[in-house]
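Subject: Structure for you to look at

Hello,

Here is the structure I said I would pass on. Please open it and keep it beside you while you read the notes below.

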Amino acid sequence: MAGAICPGCGCWSRRVHSSYLRFPADVPSGGRRVALCLRVRRFLCPVSSCGRRTFAEQLPGLTRRYGRRTERLRSMLAAVGLALAGRAGARMARVFGVSVSRSTVLRLVEALPDPEVPAPRVVGVDEYATRKGRHYGTVLVDVETRRPVDLLPDREASSLAAWLANGPRWRWSAAIGHRSSPKVPRRERHRRCRWRTGGIFGTT
């Protein structure tokens, strides 16, 4: 490319300040480590009021600022971390030929954008204890996919009612098993069934 866009102000610059070498690690090949040798140009920002006087160019889809790994390697390690978590993911990465710590694997997983999850149609409600006998909260689970939806910091009816009010229009059946579980206000009720475990809510 003849120039690059300043990440500070978004202006295009063609003025080259200097260049340097980068050696980002890439996906291993044949069990051997692979590192790319890239000569990267540093540009001068043409806007005098911009706080970033110089900036380095990035190769879209290949590198990012301060990154020691290519985007392909980051994606591979993040996929391993999603499947195996930190410690087991780091061991599997070493089998592939990548030396990485479990903390790095977890950081790559945490850096992933949150997936777009559709609004649950049926939600189960139960309580959980962070300190048994002292502090309880409320857990809401998508009954159909068995995935957690949200955690409420307490088991008060007001917190559950506020959560329901911020969601879609609910048509639900509630099953409350524990006497200390959050009771659903009458104005929120549509139908109530007695089960031994937590509540179930469904949308229309």
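Glu57 is buried, with a relative accessible area of 9%. This value, like the others here, comes from a predicted model. Glu57 forms a salt bridge with Arg41, with 2.9 Å from N to O.

As background, side chains of opposite charge can pair when their charged atoms come close.

Another of these bridges joins Arg72 to Asp26, and their closest N and O atoms are 2.2 Å apart. Here, too, distant parts of the chain are linked: Arg72 is in helix α1 (residues 71-96) and Asp26 is in strand β4 (residues 25-29), 46 residues apart. Asp26 has 5% relative accessibility, so it counts as buried.

A further salt bridge connects Arg64 and Glu71, where the closest N and O atoms are 2.9 Å apart. Arg64 is partly exposed, with a relative accessible area of 36%. Glu71 is buried, with a relative accessible area of 19%; the cut-off matters for this residue, because buried means under 20%.

Next, the cysteines. How many disulfides does a search of the whole structure find? The search finds 0. Take Cys9: the closest cysteine sulfur to its own is that of Cys45, at 3.5 Å, which is too far for a bond because a disulfide needs the two sulfur atoms within 2.5 Å. Cys11 is in no disulfide either, and the nearest cysteine sulfur, that of Cys9, is 3.7 Å away. Are these two residues buried or partly exposed? Cys9 counts as partly exposed at 33% relative accessibility, and Cys11 is also partly exposed, with a relative accessible area of 27%.

Last, a serine. Ser159 lies in helix α3, which covers residues 157-166. Which residues does Ser159 touch, leaving aside its neighbours within four places in sequence? They are Leu152 and Asp154. With Asp154 there is also a polar contact of 2.7 Å between the two side chains.

Regards

Conventions. Residues are numbered from 1 along each chain as its sequence is written. This is a predicted model: local features need pLDDT of at least 70, side-chain atom pairs count only at pLDDT 80 or more; totals for chains, interfaces and linings use all residues. Side-chain values use heavy atoms; hydrogens and water are left out. Helices (H or I, at least four residues) and strands (E, at least two) are DSSP runs, numbered from the N terminus. A polar contact is a pair of N or O atoms within 3.5 Å; within protein, one must be able to donate a hydrogen and the other to accept it, and residues adjacent in sequence count only if both atoms are side-chain atoms. Contact means heavy atoms within 4.5 Å. A salt bridge is a side-chain nitrogen of Lys or Arg within 4 Å of a carboxyl oxygen of Asp or Glu. Buried means under 20% relative accessible area, exposed over 50%, partly exposed in between (1.4 Å probe, protein chains only).
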